[in-house]
Amino acid sequence: MSNAIRYDSLLVQHLARELDERLRGRSAGALRLDPANRRASLELDDGALLLDLHPTRGWILEAAVPSAPDIRRLHRSARIGRVHAPPDERLLRIDLEGSTSENRPIRSLIVELMTNQANVLALDKHRRIVALLWPRTAGGRELRAGRIYEMPPGAPRDGVDAPVVVERWSTGAGAGAGAGAGVAWVSPLNAAALGSYDDYLRIVWGEARPSVIRRADGALQPYPQPIGSDARRVPSLLEGMRECAGAAPPVESASAAADPEAIDRVRREITRIAARIDRMEAQRRRALPQAATLRSRADLLLARLHEVPRGAGRVTLVDFEGGAVELDLDPAHSAADNARRMYDAARKRERAAERIPALVAEARRRIARLEALVARAERGEADAAEIDATLPRETTLDAKGEESPLPFRRYTTSGGLEVRVGRSSRANDELTFHHSSPDDIWLHARDVAGAHVILRWSRGDANPPQRDLAEAAVLAALYSRARTSGTVPVDWTRRKYVRKPRKAPPGSVLPERVKTVFVEPDEAVEARMR
C-alpha cells in the first residue's frame with residue numbers, strides 16, 4: 001500500500017522551504033519515536049512537529065505532542081537551525097543548533113520520504129545514527145543505530161541545478177523514453193502536467209505559485225504548483241497536509257494487531273544479528289592474515305629447531321630475510337609440537353574464512369525475513385503469536401532439565417553490542433559465571449547493592465568502545481540502589497577477573513583489575529536500549 005500522501009522531489013523541496021520559515025530558531029526539547037505506529041515527533045516550544053509516516057498516511061503536521069515509548073532528550077539550548085532538502089531528493093534535513101555536549105549528540109534529523117520506506121533518523125556531528133524510527137537493510141544501506149548514515153542511492157539525472165535545454169527535454173533519456181525522461185524534478189505526480197518544454201520551465205523552474213490540493217490515485221494530494229483540473233488552492237502545504245489528515249478514514253493502530261513490545265523484540269533480534277554479522281566479517285578479515293603469519297612462524301620454527309632450547313617459553317630467531325622474529329611458545333611442548341600447533345591454528349582460521357561468507361549470507365536472509373515480519377506486523381497482518389513463533393525462546397534449562405526464564409534482561413547498545421543485566425542476587429551469579437565469556441566486560445555500581453551487568457565483548461586485545469561501555473554502565477547504575485543519585489561510579493573489568501569467594505552469599509563476588517567510569521542514571525538511555 002502506498003502512502004496516502006505521495007512525495008516527489010519538487011514537493012519535498014517546497015515543503016522544506018515552508019518548514020524552514022516556520023521552524024527556524026524555535027526551541028526543540030525532545031525527539032519522540034513510536035515505531036509500532038510509524039510516527040515520530042519533535043517537541044517544539046509550543047507544540048510539536050508530527051511526522052506520521054505510516055504507509056496509509058504519510059503526512060507532516062504541526063500538532064500537540066503525542067505519547068511515545070522512546071524519548072531522546074535534546075539539550076535545553078537546542079534550537080531548530082536550517083530545514084532544507086538536497087536537490088532532486090525525497091529527503092528532508094532538520095539541523096539542530098545548541099550545546100555540543102557528548103551526552104546530547106543529536107545534531108540533525110533526516111526524514112526520508114520514499115513511499116513505503118519512509119523513515120526518521122537522528123544523526124550526531126559525525127553523521128552516525130543515534131536513533132531511528134525503523135531499523136532496516138535496503139539498497140545496500142544498513143540503517144541501524146551506530147552506523148554512519150548514507151543517503152539513498154539514485155541514478156544521476158540531468159537538470160538538477162538548472163533547466164535542461166529544449167533538445168535534451170525533447171529527446172528524453174533514450175529511444176522511446178519520452179520527453180522529460182531522466183530529467184531532474186520530473187515525477188509521476190507532475191509528468192502529466194508537463195506537456196511541453198514551457199510547462200517544464202513554468203512549473204519546475206518558475207516563481208513559487210499557490211499550493212493546492214488535488215486528487216492522485218483516488219487520494220487527496222497536496223502539491224506546490226497548481227496542476228490538474230481538480231486542483232484547489234490552500235494557504236500552504238502544511239495546511240493542505242492537515243486537510244488531508246482530517247479527511248482520511250481512521251486507521252487502526254498497528255499496536256492493536258501486534259504488541260509494540262513484540263515488534264520491539266523483533267527489532268532487537270535484528271540488531272543482534274547485525275552485530276553478529278559485523279563480528280563475523282571482522283573475523284574473516286583477520287583470519288587469512290593471521291593464518292599466513294602463523295604458517296610463516298611455523299616454517300621458521302621448523303627450520304631453526306636446533307636453536308630452540310628445551311622448555312623455552314619465548315625465543316628470538318632470525319627469519320629468512322635476516323630480520324629478528326620473537327616467538328611465544330608453550331614450554332610444555334617441544335619446538336616441533338609448537339610448530340604443528342601453529343599449523344593447526346592456521347588451518348582453523350582458513351576454514352573459518354571459507355565458512356563465514358555462507359554464514360553471513362544466511363544471517364542477512366534472516367534479517368530480511370524479520371524486517372518483512374515487522375512490516376507486516378505494523379500493517380496489522382501479523383500478530384504477537386506469529387512473532388513469538390519466529391523468535392528464539394529466551395529460556396534456559398534448570399537443574400531438573402526443565403525450561404526456565406533466563407536469569408538476565410537483554411539490552412542493545414547504540415553500537416549493536418548486547419548487554420545482559422542480572423534479575424536478582426542468585427541470577428547475578430548465574431549470569432556472571434554461566435552466561436558470559438572470559439573476555440566479556442563485567443560492570444557493577446560501586447559500594448552499593450545492584451545488578452551484575454555483562455557487556456558482551458569477544459576481543460581480548462582491545463577494550464570496547466567508550467560509548468557502548470558508558471551505556472552499559474548506565475544500566476548498572478539504574479539497576480542499583482544508587483539509581484536516584486546524580487552521578488554514580490561504576491566499576492568494570494573483564495569477567496575472567498571476577499571470582500566467587502567460598503561460602504559468599506548470592507551475588508557477592510571479588511573483582512580484580514578494576515577500572516571506574518562515572519555516569520548519570522538516565523532512564524531515557526535504558527528506554528532506548530530496551
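Helix H10 (residues 466-478) lies across E20, E21, E22, E23, E24 and E27, and its direction makes an angle of about 40 degrees with E22. In this predicted model, those strands build an open, antiparallel sheet of six, ordered E20-E21-E23-E22-E24-E27. Its edges are strand E20 (408-412) and strand E27 (515-519), each of which pairs on one side only. On average, neighbouring strands of the sheet are turned by 25 degrees against each other, direction ignored.

Helix H9 (residues 425-434) also lies across part of this sheet, namely E20, strand E21 (418-422), E22 and strand E23 (453-455), and runs at about 145 degrees to E21. Within the sheet, strand E22 (residues 441-445) and strand E24 (residues 488-494) run antiparallel and are joined by five bridges. Here tryptophan 442 stands opposite threonine 493 of E24.

Leucine 317 has valine 325 of E17 as its bridge partner. Side chains in a regular strand alternate between the two faces of the sheet. In E16, Val315 and Leu317 make up the covered face, while Arg314, Thr316 and Val318 make up the uncovered one. Five residues separate the two strands of this hairpin, and glycine 322 adopts a positive phi near 95 degrees.

As for confidence, the protein chain has a mean pLDDT of 83, with 87% of its residues at 70 or more. The pLDDT falls below 50 over residues 251-257, a stretch with 14 contacts in the model beyond near neighbours in sequence. Where pLDDT is low, predicted coordinates should not be read in detail.

Note on methods: Residues are numbered from 1 along each chain as its sequence is written. This is a predicted model: local features need pLDDT of at least 70, side-chain atom pairs count only at pLDDT 80 or more; totals for chains, interfaces and linings use all residues. Side-chain values use heavy atoms; hydrogens and water are left out. Buried means under 20% relative accessible area, exposed over 50%, partly exposed in between (1.4 Å probe, protein chains only). Helices (H or I, at least four residues) and strands (E, at least two) are DSSP runs, numbered from the N terminus. Two strands pair if DSSP finds at least two bridges between them. pLDDT is the predictor's confidence in each residue, from 0 to 100. Contact means heavy atoms within 4.5 Å. Axes are lines fitted to C-alpha atoms, for helices over the stretch in contact, and angles run from 0 to 180 degrees between N-to-C directions.
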